[in-house]
Amino acid sequence: MDNLNYKSGVAEIKGVGASPGIAIGNAFRFRKEVVRATELKLSDDSEVKREIEKFDAAVNISVRDVKQVIERDSSLNREVVDVLESHLEFITDPQLRSDVVSRITDHKMFAIDSVVKVIELTTVAFNDLDSDYMRARAADVQDIGERILRNLSYSYSGKLEINENSILIAEDISPSDTIALDLSKVMGFATQLGSRTSHTAILARSKNIPAVLGCGEILASVNDGDLLIVDGLNGIVHVNPPAHLLRYYRERKEAHERQADALKSLRHHLAVTADGRQIKLLANISSADDLEDSFEYGAMGAGLFRTEMLFMNRTSFPSEQRQFECYKQVGVKSRGKEVTIRTMDIGGDKPLDYFEIPREDNPFLGYRGVRISLDRRDVFITQLRAILRASIFGNFRIMFPMISGLEELLAAKSMVEEAKSQLKTEQLEFDRQIPLGIMIEVPSAAIVADILAPEADFFSIGTNDLCQYTLAVDRGNEKIKSLYEPLNPAVLRLISFVIDAARQNNIDVGMCGEFAADPKSTLLLIGMGLHEFSMSASSIPRVKNVILNHTEAKAREIWRNVKTMRRTDSIIKYLEALI
Amino acid sequence: MISKDYLITAAEGIHARPATTLIRLVKHFKSAVILRKGDKSIRLNSILNILTFGAKGGDTVTVIVEGEDEVAAAASIDKFFKEELKQL
């Protein structure tokens, strides 16, 4: 992107990059057919009987459709299947049927009108309930209602005809919609609503379809047939791009695809430099499914298991049992490979519905990460107990986020001791040797890394926060985000100091920020003495490719050279020229 | 008729996923199963009714089973509330 000169006036819509990759195609607006009540009345009892039969038939077809999707599509992940399974129960719900039938019989309404009315009332009732969870279920009711209606209406003709090479644009896409869509012709998704964790995002990723979600109202101004580029990595949709931009993206897309094929074949090779230094490449994951995917890319384990997903989209903190099941699943699927579990890392910028954090002027400098855990001991102990109990199923390490100094590290460690002694008393099994380590992401922790190292079993350098705190740059801030650069000498000095402190104390040190996934910085980091990199799994092959083709001696030389450079831009230029 | 009280220990109550499991379990039996909390009661065959019933973690609910296979049905439901609900 950097070598690209944008002409002003090019329509560029920003959203959330929910599924990586580049898609180029024509806009195809997905309009939901809105069926409205006709208000007509049935004239006699034979019509009543016929309408009830029609409703039952539509229900049966709907059930068949959903079952087919579940059975035929093995690429759907667990979450999507669970949703569809519950939809089967919604569709065949006896209360729904009796409400519909009574409208047909008592009010002489057509089946279509009855369903419209019943779904409307039910949705309103769900929306009125005092819970985000139930309001989200209103969307499910709406979804199954539309499905039944499609099968009730004469106009409905099976799958929606989509043109070849389409970029599907919609307000939102529900699990059911995907059944009505021929995804083989869909190159990409762009939606007004949705986030990285919405149904559409999960589906897009499991199908490898690039997607940008949460584009907002502006997406509605896109016309059918407009040429679109969906950049799922950077979360950008380009509308009717100029030729040079299109050419740039076409080249990138092709290069990307060629490279992806070639690189994936690297997964069976160990990451070893040409002169024999083995480097551990690990994946950042949020679930057991992620972990399984990561092995496809050749991950040697998980260097960062973010547990936040467990705490999101809920109405209360997850119970110990619930967490245990989740960690256990990760352990079971880990193939004996090391998994580093980071304890809850939430804060004011990503609040939980059920856990009110008072509004803060500076959430990034506020109540977050281990600061919450040490304050809400009950929540922390529950999580630690669950991790410890599950530790017998895998090769786990526990990592604390946002540690800023020795006191917090010691306090967190004593909580682990507390959890362990509870489990001993209850005669529950756990891994007694489980390593305890910390994220180094607060500058104060990096500066006293030599003080922290004797008390930690390992360090993991979180470059995203370390960089933003060190440089005082919020990279979400458009005006200054160009100042955010981990290759800044100040950040590099901190990183190097942390690595040295770890090595002098004989503890492991890794890196789990986005910096670890940047191929132009791989050798520099190896030269500093870093031998463990954790990143999103799809980045592993690219980094591995760099490692296989260079020597550790060369890496050391690179760091020696960079150390003498005083300007960020010269460092970047120097590293770019090397690759 | 068999009637038994259960304390809902799953913090999030009976949500869509466990409700789906529970309904499918009850379908295996001929007995009628009623869920009661306070003065509200519903047939345990409708996901819509279960969700709007609003049993939360910490609530006590009464399950009433009546029919020819009520013993087996009650045992199966018992297992659901005691073991499975918290894992779903």
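A crossing of two helices is called right-handed if the near helix is turned clockwise from the far one by less than a right angle, and left-handed if it is turned anticlockwise. Keep that in mind as you move around this predicted model.

**Stop 1: two helices in chain A**

Select helix α17 (residues 463-471) and helix α18 (residues 489-504) of chain A, whose axes come within 10 Å and cross at roughly 125°. That angle makes α17(A) oblique to α18(A). Look along the crossing of α17(A) and α18(A) and you will find that it is right-handed. Now show side chains: Leu466(A), Cys467(A), Thr470(A) and Leu471(A) of α17(A) make the contact with Ala490(A), Val491(A) and Leu494(A) of α18(A). By class, this contact of α17(A) with α18(A) has six nonpolar residues, one polar and no charged ones.

**Stop 2: where the chains meet**

Next, colour by chain. Here 22 residues of chain A are in contact with 19 residues of chain B. On the side of chain A that touches chain B, the elements giving two or more residues are α2 (78-91), α3 (94-107), α4 (111-128), α5 (132-152) and α11 (320-332). The largest share, five residues, comes from α2(A). Sorted by class, that side of chain A has eight nonpolar, seven polar and seven charged residues.

**Stop 3: α2(A) against α1(B)**

Zoom in on α2(A) and helix α1 (residues 16-27) of chain B. Their axes come within 9 Å and cross at roughly 50°, and the two helices are therefore oblique to each other. This time the crossing, of α2(A) and α1(B), is left-handed. The contact of α2(A) with α1(B) has two nonpolar, two polar and four charged residues.

**Stop 4: the sheet of chain B**

Stay with chain B and show its strands. Four of them form an open, antiparallel sheet in the order β1-β4-β2-β3. At the edges stand β1 (2-7) and β3 (40-43) of chain B, each with a single partner strand, so one side of each has no neighbour in the sheet. From one strand to the next, the twist averages 20°.

Then select strand β2 (residues 32-37) and strand β4 (residues 60-66) of chain B, which run antiparallel and are joined by five bridges.

Technical notes:
Residues numbered from 1 in each chain as written. Chains lettered and ligands numbered in written order. Predicted model: local features only at pLDDT ≥ 70, side-chain atom pairs only at ≥ 80, totals over all residues. Pairing = 2+ DSSP bridges. Helix = DSSP H or I, 4+ residues; strand = E, 2+ residues; numbered from the N terminus. Axes fitted to C-alpha atoms, helices over the stretch in contact; angles between N-to-C directions. Contact = placed C-beta atoms within 7 Å. Nonpolar A, V, L, I, M, F, W, Y, C, P; charged D, E, K, R; others polar. Parallel < 35°, antiparallel > 145°, perpendicular 65-115°, else oblique.
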